[in-house]
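Subject: Structure for you to look at

Hello,

Here is the structure I promised to pass on. Please open it before you read the notes below.

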Amino acid sequence: MASRSRPRFQVDYLPTSSRSSSTFRLGASAGGRYIRPISVHRYILAKPGRVESCGAGLQLLLHGYCDFVRHARSCCHRTYRQTMRTSNYRGRQDPKLAVLLKGVQEGKYSIKLIVAMETIDDDNKKLADECGVKVMTFSEVEENGKANLKDFVPPKPEDLHTICYTSGTTGLPKGVMMTHRNIISNHAGVYGVGKTHFLDMGPNDVYISYLPLAHVFERLLAVQMYYLGGRVGFFQGDIKLLLSDIAELKPTVFAMVPRLINRIYDKIHAGVAGSAIKKFLLDKAHKSKLAKLRKGVVTRSSIWDSLVFKKVQNLVGGRVKFCITGAAPVSTDVLNFMRCALGIYFTEGYGQTESCCGISITVPGDYESGSVGTPVLCNHLKLVDVPEKNYFAKDGVGEICAKGANIFKGYYKDEEKTKEALDEDGWLHTGDVGKWLPNGSLKIIDRKKHIFKLSQGEYIAPEKVYFTEGYGQTEATAGIAISVPGDYYSGSVGTPTLSNYVKLVDVPEKNYFAKEGVGEICAKGPNIFQGYYKNEEKTKEALDEDGWLHTGDVGKWLPNGSLKIIDRKKHIFKQAQGEYIAPEKIEQVLVQSASSWPGICVWGKS
């Protein structure tokens, strides 16, 4: 081994009795093999069954600069034993260290201590002394830890576990204070709903973590796997490489946000759009498996799985047995299609950061109601009146409120917002309006205060959304004018964009004159087109000698300086889909009327 050019290290295994959940270890099947430090992250992905992770050691393991057992156990103040071969290995210098120190020297940063993952050269040590910054290597941190071993003190249920910040939809982000009781009770409450059936997981299961770890949804899933002794594989950090990570890890448990579900759904249907045969087979397979799903049969061993859905199942690793979605609504049709395609229990959860994630979860058999399921075992649910929207609890409709061991203790240093969310009896007012269905499940039907939730889970309050209107033509690269906030009642199309000038010219045949602030709209600027391809005659009609584009629309200047469209120079119909029809080319008009709608249909050459 000494003759090898690259450094390698070996792991000596601790007895089973002395292992703890805070260690990283290589499975017994590895046989104490030597591993290149630079290959450790590849080894994790390629051999997920041989790596167990917990705590602070993960990032160090991925760096691969030294024995990962030593790192994990030293960080946790545990005794350890290990052997390591260095083969004259010299750590690389970290360029970020010099950047940070120079930033402190220039007054950009205020830093007292820097822990470097790599060796510290003399220049950086000297610079750190000049700046008054203490610099340590991680090995020095480990040595300090070993020299000051502390007895493990288990937390109390009421102790603060974490502060998880909300997205700050209607104001500043709020720090949700979660206790150890909150986290554990929510895990137990969700798991207890289906632990003997659709949530049956154990040490052989693998979960891929790719959602933000700051999100409580991802945290709960990680806690679930750690509790059950399962394995967690972390993706490379690049969402574009997620499918390759999935192919390597082959997870059995997979969390999907609606955005990813919709992308997979769209990709599948786009793949068969060009072939009538493929489209027919997909529709046939979907209908067949959907009929079985409605009878309670969930399978991936049918003939349609072999012929049609095998590629879809391989797309998520080929071993997934359970999927869960949450964070935002998803279409029932799309969700049922994924259940058919993957042949698994695909459940949907509802909750908030303030409830430590789960409030309710769907169960097998409820595939058509569009509900968010039944309450989890750790909380009670009730509906309260929302009189301003005519929702009353006596009708089985109202604001959803939750109470239980999983409900947070308050917002960090924000007593006012805490009182808004938690009433005197400890009920969390979610702001969502729900409805009890006949089967006992809960369906979200509205918001107490209107709010948009995007497919990736972010919120947008309507009062912070600006709706704008623009006016333009293809010849002006679309934009000629655009409306601005504050002009809500004039009916104008806004003010000219910065890329062009706008003027009005006389239309005497219709008694429109520019001196009266009314006329044909003309635009000039770098956004105006050069001409029509191989059509000089039409180009001269549209562009005058001075380069002004004559739009054919008649506009009027309003007192506030905005432009309003009032007519066309030549009469023309513009249909809802954006197509134009000239009146002189209409051949037939059909007028239809019914009790529910009137309509006019025209035929002709457009």
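Below is what was found in it. Keep in mind that this is a predicted model.

Helix H10
H10 covers residues 258-272, which makes 15 residues. From first C-alpha to last it reaches 22 Å, close to the 21 Å expected at 1.5 Å a residue. Its buried residues are Pro258, Leu260, Ile261, Ile264, Ile268 and Val272. In an α-helix, residues three or four places apart point the same way. The cover over the buried residues of H10 includes helices H11, H12 (303-315) and H13 (332-342). It also includes strands S11 (253-256), S12 (322-325) and S13 (345-352).

A surface patch
Ile277, Phe280 and Leu281 form a nonpolar patch on the surface. Together they have about 320 Å² of accessible area. Leu281 sits in helix H11, residues 276-294. Leu281 is partly exposed, at 34% relative accessible area.

Most residues other than glycine have a negative phi. Cys356 has a positive one, near 60°. Asn390 also has a positive phi near 60°. Cys356 lies in the loop between S13 and strand S14 (357-361). Cys356 is buried, at 2% relative accessibility. Asn390 lies in the loop between strands S16 (379-384) and S17 (397-404). Asn390 is exposed, with a relative accessible area of 60%.

Ala222
Ala222 is in helix H8, residues 216-228. Ala222 counts as buried because its relative accessibility is 11%, and buried means under 20%. Ala222 and Ile208 are 14 residues apart along the chain, and their C-alpha atoms are separated by 9.3 Å.

Best wishes

Terms used. Residues are numbered from 1 along each chain as its sequence is written. This is a predicted model: local features need pLDDT of at least 70, side-chain atom pairs count only at pLDDT 80 or more; totals for chains, interfaces and linings use all residues. Side-chain values use heavy atoms; hydrogens and water are left out. Patches are made of residues with over 30% relative accessible area and no salt bridge: like charges are joined within 9 Å, nonpolar side chains (Val, Leu, Ile, Met, Phe, Trp, Tyr) within 5 Å. Accessible areas come from the Shrake-Rupley method with a 1.4 Å probe; for residues, only the protein chains shown count as cover. A salt bridge is a side-chain nitrogen of Lys or Arg within 4 Å of a carboxyl oxygen of Asp or Glu. Helices (H or I, at least four residues) and strands (E, at least two) are DSSP runs, numbered from the N terminus. Buried means under 20% relative accessible area, exposed over 50%, partly exposed in between (1.4 Å probe, protein chains only). The expected span of a helix is 1.5 Å times one less than its number of residues. Contact means heavy atoms within 4.5 Å.
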